[in-house]
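Welcome to this short briefing. Please have a look at the sequence and the 3D view below, and then we can walk through a few spots together.

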Amino acid sequence: MTTTLAPPVHIGKAAVGALGVLAVATGALESVVTPTLPLLQRELDMSPAEGALLSIVLLITGALVTPVAGKLGDRYGGKRILIRLMAVVSAGGLVSALAPNLPVLLLGQVLQGAMVGALPLSFILVRRHLPAGESKVAIGVVSGLFVGGGMAGTLSAGPVAEELSRHWMFALPTIAVVGATLLVNRLMPHDPPGRPDDAGIDWPGLVLLSGTLVTLMLALALAPDIGSQPLAFGALIVVLAAFVTGWTAVERRAASPMVDLRMLARPAMWKSCVLTFVICVGTSVAVYLVPQLFAVSGDGYGFGAGATEIGFFLLPGAVAASLAGPISGIGARRFGSRAVVTAGIFLMAAALTTLAAVHTEVWHLVIGKAMISLANGLCVTAMVTSTATSVGQGDTGIATSLVLVTRVIGYAVGAQVGGALLTAGTPSGSDVPAESAFVAGFIIAGAVTALSLLLARTMSQGVKE
């Protein structure tokens with residue numbers, strides 16, 4: 001006997017605003033380690049290898065949790081899973097804030113990594129409680145605020161750690177996460193489960209997907225040292241291929257797969273994932289190179305900027321990134337997702353190519369980084385909204401999770417490419433890369449981004465609401 005579910009309650013601006021506040025808080029908590037990694041290494045007596053592990057552990061956990069959270073949100077209701085996920089994140093922030101040593105801090109970061117799953121769960125909620133046109137705008141707003149929160153965390157983490165302590169740089173955004181979670185719990189109505197759960201959880205698929213993502217992240221982290229550790233890198237590639245093969249076989253046979261491969265094979269789905277990956281690779285190369293170029297000593301090129309100066313130089317990019325989400329949502333609603341993605345790709349390719357030729361003044365890099373941040377936000381948000389509205393409501397979480405996981409992987413690949421270029425471009429006996437390494441990085445990123453236009457042209461224009 002089938003139970004008829006009541007129609008979802010239409011939410012107002014206050015509920016969407018609560019999701020936005022949560023996005024800002026989680027984005028800030030996610031970003032505090034990167035700008036303060038040298039400080040953490042000194043205070044906790046970490047080796048460079050341990051510092052590298054700390055810098056990627058949240059990324060690995062996020063890549064694991066995001067598709068799982070999206071799947072469970074589709075099945076059991078977005079709000080129900082979101083509140084529970086934020087309880088885990090809050091516990092992780094508390095552990096990180098109180099951590100006396102590296103192992104405890106790593107545990108806190110593992111728990112904090114669950115925060116990445118908040119985005120697809122937020123998308124489920126706005127999709128189920130708002131009309132199609134309004135949901136596109138709301139998804140754009142939430143995405144933009146998450147990016148803006150990340151930049152706010154990047155800018156504030158250093159001053160907070162230096163003026164107060166490293167403990168407070170975790171504690172303050174954690175307090176904000178707790179407050180925002182309580183606000184969402186109060187203002188956001190419950191959404192009904194999207195589908196019956198008689199088939200249960202696809203545990204074999206979940207384990208194999210986790211193994212695939214963990215192995216991929218470890219391979220990316222080891223890639224710059226492939227020359228010194230070729231056997232270890234080769235072994236990771238073999239393990240990765242085995243995980244992918246096993247996961248594909250299991251998902252094809254599962255009654256209720258964690259990831260429906262038939263959905264992934266849809267043109268709208270795989271094109272969004274490929275485009276997101278390529279665009280985020282280009283973006284991440286620039287995100288890595290620009291601060292490095294600011295920090296170069298200034299003898300011949302560079303500006304010798306300190307951490308506080310770099311934070312201020314990146315502030316326009318933070319503003320552009322936070323504005324990109326709502327602009328993209330409105331643009332997708334009015335002109336269609338393909339138009340927004342195409343415009344973003346043109347803007348990013350032009351900015352990267354210009355930076356390769358012109359980077360002799362601070363304002364060159366400030367404007368170029370802002371344009372890249374704006375373009376990336378336009379593209380990724382448009383693809384997330386296009387994906388969210390191209391599948392059934394019951395698949396919103398897992399579909400957007402796949403795009404977001406692809407975004408994480410793209411950023412990881414781009415950062416490793418940027419690091420490898422600077423390492424290869426550093427003369428023997430020096431710790432300053434040649435200027436040509438930066439130029440090569442910007443050119444490669446611009447060329448990769450421009451190539452994505454070939455795929456963007458084949459995107460479905462989408463329904464204009």
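**A pocket, a helix and a buried leucine**

The second largest pocket holds about 470 Å³ of space. Keep in mind as you explore that this is a predicted model.

**The second largest pocket**

- The lining of the second largest pocket is made up of 19 residues, and those nearest its centre are Trp-247, Leu-264, Leu-402, Thr-406 and Ile-409.
- Two or more lining residues come from each of helix H9 (203-222), helix H10 (230-253), helix H12 (267-295) and helix H16 (396-424).
- Sorted by class, this lining has 16 nonpolar and 3 polar residues, with no charged ones.

**Helix H10**

- H10 runs for 24 residues and spans 35 Å from its first C-alpha to its last, close to the 34 Å expected at 1.5 Å a residue.
- Buried residues in H10 are Phe-233, Leu-236, Leu-240, Trp-247 and Glu-251.

- You will find Leu-352 in helix H14, which covers residues 337-357.
- Leu-352 counts as buried because its relative accessibility is 0%, where the cut-off for buried is under 20%.
- Beyond its neighbours within four places in sequence, Leu-352 is in contact with Gly-282, Ala-286, Ile-372, Phe-442, Ala-445, Gly-446 and Thr-449.
- Gly-441 is 89 residues away from Leu-352 in sequence, yet their C-alpha atoms are 9.1 Å apart in space.

Terms used:
Residues are numbered from 1 along each chain as its sequence is written. This is a predicted model: local features need pLDDT of at least 70, side-chain atom pairs count only at pLDDT 80 or more; totals for chains, interfaces and linings use all residues. Side-chain values use heavy atoms; hydrogens and water are left out. Helices (H or I, at least four residues) and strands (E, at least two) are DSSP runs, numbered from the N terminus. Buried means under 20% relative accessible area, exposed over 50%, partly exposed in between (1.4 Å probe, protein chains only). Contact means heavy atoms within 4.5 Å. On a 1 Å grid over the protein atoms alone, a cavity is a set of points where a 1.4 Å probe fits but cannot get out, and a pocket is an open set with protein on both sides within 12 Å along at least five of seven lines; lining residues have an atom within 4 Å of a point. Grid points are joined across faces, edges and corners, and a volume is the space filled by probe spheres set on the points. Ala, Val, Leu, Ile, Met, Phe, Trp, Tyr, Cys and Pro count as nonpolar, Asp, Glu, Lys and Arg as charged, and the others, Gly among them, as polar. The expected span of a helix is 1.5 Å times one less than its number of residues.
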